[in-house]
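Below are my notes on the model, as numbered points. Please read them alongside the coordinates.

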Amino acid sequence: MIKLYREENSAQANIIEAEFRELVLGYDRIVIGPDQAVKLFGTETALPVITNNERVVSGDEIPAYIKELTRLVYDWRLFQSDSCYVDDNGGTC
């Protein structure tokens, strides 16, 4: 599950959330303060932070990660339809 850790008033986090909404991507929004962020992620990681299972992304890594998510969502939706594919043996849906 994707989680976005953010401060209440953050222009960068607002942009990330807009990207997630555009992708129609499910995520949890977790509003925390800088002190809580240090406890969770250490002093080297600044808010906003995106986590996805064990992966932690922040700072300059965020734009590349959103591009990666965009490709993943596109590929996923490409094959998630009501289409029926017939195999070489004549099998059907």
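1. Arg-55 and Glu-68 form a salt bridge, with 2.8 Å between the closest N and O atoms; the term stands for a side-chain nitrogen of Lys or Arg within 4 Å of a carboxyl oxygen of Asp or Glu. The pair links distant parts of the chain, 13 residues apart: Arg-55 is in strand S4 (residues 55-58) and Glu-68 in helix H3. Elements are DSSP runs numbered from the N terminus, helices being H or I of at least four residues and strands E of at least two. Arg-55 has a relative accessible area of 38% and is therefore partly exposed; Glu-68, at 34%, also counts as partly exposed. The cut-offs are under 20% relative accessible area for buried, over 50% for exposed, and partly exposed in between (1.4 Å probe, protein chains only).

2. This is a predicted model, in which local features need pLDDT of at least 70 and side-chain atom pairs count only at pLDDT 80 or more, while totals for chains, interfaces and linings use all residues. Residues are numbered from 1 along each chain as its sequence is written, and side-chain values use heavy atoms, with hydrogens and water left out.

3. The structure holds three salt bridges. Arg-6, Glu-17 and Arg-29 are linked in a network of them. Between Arg-6 and Glu-17 the closest N and O atoms are 2.5 Å apart; this pair joins strand S1 to helix H1 across eleven residues. Between Arg-29 and Glu-17 the corresponding figure is 2.8 Å, and here strand S2 (residues 28-31) is linked to helix H1, the two residues being twelve apart.

4. Is Glu-17 buried or exposed? Glu-17 counts as buried because its relative accessible area is 6%. Arg-6 is buried as well, whereas Arg-29, at 41% relative accessibility, counts as partly exposed. Leaving aside neighbours within four places in sequence, Glu-17 is in contact (heavy atoms within 4.5 Å) with Leu-4, Arg-6, Tyr-27 and Arg-29.

5. The largest nonpolar core has 14 residues, and those with the most contacts inside it are Ile-2, Ile-16, Phe-20, Leu-25 and Ile-50. Such a core is a set of buried Ala, Val, Leu, Ile, Met, Phe, Trp, Tyr and Cys residues joined through side-chain atoms within 4.5 Å. Strand S1 (2-6), helix H1 (11-23) and helix H3 (62-78) each supply at least two residues of this core, and the largest share, five residues, comes from H3. Leu-25 touches Ile-2, Phe-20, Leu-69 and Val-73, residues up to four places away in sequence not being counted. Another core, of six residues, lies apart from it; Ile-32, Phe-41, Leu-47 and Val-49 are among them.

6. Phe-79 lies in the segment after H3 and counts as exposed because its relative accessibility is 59%.

7. For the chain as a whole, the secondary structure comes to three helices and four strands, in the order β-α-β-α-β-β-α from the N terminus. Of its 93 residues, 30% count as buried. The chain exposes about 6,800 Å², of which carbon and sulfur atoms supply 50%; accessible areas come from the Shrake-Rupley method with a 1.4 Å probe, and for residues only the protein chains shown count as cover.
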